[in-house]
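Come along and check each entry against the picture.

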Amino acid sequence: MTGASGALGTELTNVLSSKGAKVLGTATNNESAGSIPAKAEVRLLLDFQEPDSIQTLTDYLVAASQVDGIINASGVVAFGPVSELTVETSRRLTAVNSQGPIQLISQLFGKLKESSEAGNQPFVLNITGVVAETPMMGMAAYCGSKTAVHGFLTALGKEWRREGIRVISARPGHTETGLATRAIAGQAPNFPAGMTTEHVVARLIAALEADEKDLASTDF
């Protein structure tokens, strides 16, 4: 579970643990790792901005753990017109929202295939968001990073289907996670009240249990 210290990651960790799953939770640094729920069996560090950090985590998982599923609940957001977009903001959005997850998921293919060959039903679940379907003005770079990972996941689902690995790009609408208040650039517009984390997580868990293969915004 990447992003286990965030609102969605915390709720997912608690619900999955209550159902008997062994959850390995990640956070970006030692400070945020303290917010990973106690129900997580292992707490790990992962900075999607650093390829070496991703490599360290995947090396650990390949050597030490059975991997039956990957859930990516990490993400950063930025607001404002493209004319005010800095190179650093664009780089962070791309690294955290698309390039980092792509590297992590790709490098764990072998572990997911092992799980499939053992008779399990391995999966990848990435919380991508409605902006991958309906890009919004004032959020172009953020939408671009989410659209990129959605395209990757859509193609990957077709590629890995024959290996028995399910890939889900989940695209819920605005959810009250607090992410908009922690933008790395710009200020959030006045969004209408969003969905609760409990509602979104309940839908995600239901999809995993029902062997669903896609979660569009209209499914929430």
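Predicted model: local features only at pLDDT ≥ 70, side-chain atom pairs only at ≥ 80, totals over all residues.

Before the sheet, I noted a definition: two strands pair if DSSP finds at least two bridges between them.

I found three strands forming an open sheet, in the order β3-β4-β5, with parallel pairing. At the edges sit β3 (69-72) and β5, each of which pairs on one side only. From one strand to the next, the twist averages 5 degrees. As a reminder to myself, strands of a sheet pair through backbone hydrogen bonds, either parallel or antiparallel.

Entry two, one pairing. How many bridges join β4 to β5? I read off five, between β4 (residues 123-127) and its parallel partner β5. I picked out Val124 and found that its bridge partner in β5 is Val167.

Is Ala170 buried or exposed? I noted it as buried, because its relative accessible area is 0% and buried means under 20%. Beyond its neighbours within four places in sequence, Ala170 is in contact with several residues, among them Leu125, Ile127, Leu204 and Phe220.

I looked at α4 (residues 87-107) and found a kink of about 50 degrees, centred on Ala95. Ala95 is also one of the buried residues of α4, a list including Leu93, Val96 and Ile102. I then looked up what covers the buried residues of α4, and the cover includes β3 and β4, along with α3 (51-64), α5 (109-117) and α6 (140-160).

Definitions and conventions
Residues numbered from 1 in each chain as written. Heavy atoms only, no water. Buried < 20%, exposed > 50% of the residue type's maximum accessible area, 1.4 Å probe, protein only. Contact = heavy atoms within 4.5 Å. Helix = DSSP H or I, 4+ residues; strand = E, 2+ residues; numbered from the N terminus. Axes fitted to C-alpha atoms, helices over the stretch in contact; angles between N-to-C directions. Bend = angle between axes of the 7 residues up to and from the residue.
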